[in-house]
Amino acid sequence: MSTAHRGNRHGRSEQARQAVLEAADDLLAERGFAAVTIEGIAARAGVAKQTIYRWWPSKVDVLLEAFTEDMAEHLTPEDHGDLGTDLRAHLATLAGFLTASDPGAVFRALAGQAQHDPQLATRLRDEHLSHQRVRDRLPLERAIERGELRADLDVDTALDQLVGPVYYRVLVTGSPVPREFTDDLVAAFLHRFTARAGGTTSGTPTA
């Protein structure tokens, strides 16, 4: 979870905190993980280096917090009242976030670094990605409540089948993740798991 920053004796510092997080995102997207430094973040954000160290022990901590906030803001699925619509929208948003945004570049860099840093891998998985998984479950859980999916559905396995191929393309093959690909994932899932036929859930994908 994000660290609670309480500012200093000069008053609230939320504006400075946001400037630091945005600077970290921008620098990583521009220069790559290895070239990002606390000094560079401080210069881009217009704050003292000591200010950053007072809030975060390292550049990894800055990047982790920036990524976590971005996920919560951009990857919370909307409730359209229909499983097919919810899943198509969410998977398309997820694909765009991971492949075409600065926060997505942060994620790819952290995931790569985690291959050489077991402590970072644990933190990324347990303290950050686990929260996104809770959000990813929402469309399925709402569909169970509406009766669109069986009550005994293994939600975690179903979720792996939906989002797993997206992460595989982003992190392993590097292949594009177009809307057609994510819509096809949803169509295959609905064909296998929807509890009732008809309605917009099994209909033609919409833009």
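Arg146 has a relative accessibility of 29% and therefore counts as partly exposed; on this scale, buried means under 20% relative accessible area, exposed means over 50%, and partly exposed covers the range in between (1.4 Å probe, protein chains only). The structure is a predicted model, in which local features need pLDDT of at least 70 and side-chain atom pairs count only at pLDDT 80 or more, whereas totals for chains, interfaces and linings use all residues. Residues are numbered from 1 along each chain as its sequence is written, and side-chain values use heavy atoms, with hydrogens and water left out.

**Salt bridges**

Arg146 and Asp79 join their side chains in a salt bridge, with 3.5 Å from N to O. Arg146 belongs to helix 7 and Asp79 to the loop between helix 4 and helix 5 (83-100), so this pair ties together parts 67 residues apart in sequence. A salt bridge is defined here as a side-chain nitrogen of Lys or Arg within 4 Å of a carboxyl oxygen of Asp or Glu, and the count by this rule is 18. Another of these bridges connects Glu39 to Lys49, whose closest N and O atoms are 3.5 Å apart. Because Glu39 is in helix 2 and Lys49 in helix 3, the pair ties together parts separated by 10 residues in sequence. A further bridge, at 2.8 Å from N to O, is formed by the side chains of Asp156 and Arg137. This pair links distant parts of the chain, with Asp156 in helix 8 and Arg137 in helix 7, 19 residues apart.

| Residue | Relative accessible area | Class |
|---|---|---|
| Glu39 | 42% | partly exposed |
| Lys49 | 31% | partly exposed |
| Asp79 | 47% | partly exposed |
| Asp156 | 34% | partly exposed |
| Arg137 | 22% | partly exposed |

Through shared partners, salt bridges join Asp79, Asp86, Arg142, Arg146 and Glu148 into one network.

Asp136 is located in helix 7 (residues 118-146). Asp136 is buried but has no salt bridge, and the nearest side chain of opposite charge, that of Arg133, is 6.0 Å away. In this assignment Lys and Arg count as positive and Asp and Glu as negative, while His and the chain ends are not counted. The side chain of Asp136 does make a polar contact with the side chain of His90, at 2.7 Å. A polar contact is a pair of N or O atoms within 3.5 Å; within protein, one must be able to donate a hydrogen and the other to accept it, and residues adjacent in sequence count only if both atoms are side-chain atoms. Setting aside residues up to four places away in sequence, Asp136 touches His90 and Leu159, where contact means heavy atoms within 4.5 Å.

**Fold and core**

The protein chain contains nine helices and zero strands; helices (H or I, at least four residues) and strands (E, at least two) are DSSP runs numbered from the N terminus. Of the 207 residues in the protein chain, 43% are buried. Among contacts with a separation of 6 or more, 67% are between residues 24 or more positions apart.

In soluble globular proteins, nonpolar side chains tend to be buried together. The largest nonpolar core here has 59 residues, and those with the most contacts inside it are Ile41, Ile52, Val62, Leu140 and Phe189. Helix 8 (residues 155-173) supplies the largest share of this core, eight residues. Such a core is a set of buried Ala, Val, Leu, Ile, Met, Phe, Trp, Tyr and Cys residues joined through side-chain atoms within 4.5 Å. Beyond four places in sequence, Phe189 is in contact with Leu83, Leu87, Leu140, Leu149, Ala158, Leu162 and Thr194.

In helix 2 (residues 38-45), the buried residues include Ile38, Gly40, Ile41, Ala42 and Ala45. The buried residues of this helix pack against helix 1 (14-31), helix 3 (49-55) and helix 4 (59-74). Gly46 follows helix 2 and has a positive phi, near 75°.

Thr182, in helix 9 (residues 179-193), is buried at 0% relative accessibility. Leaving out residues up to four places away in sequence, Thr182 touches Leu91, Ala92, Ala95, Val166 and Val177.

**Confidence**

The mean pLDDT of the protein chain is 88, and 88% of the residues score at least 70; pLDDT is the predictor's confidence in each residue, from 0 to 100. Over residues 1-12 the pLDDT stays under 50, and the model has 13 contacts for them beyond four places in sequence. Residues 195-207 also have pLDDT below 50, with 24 contacts in the model beyond near neighbours in sequence.
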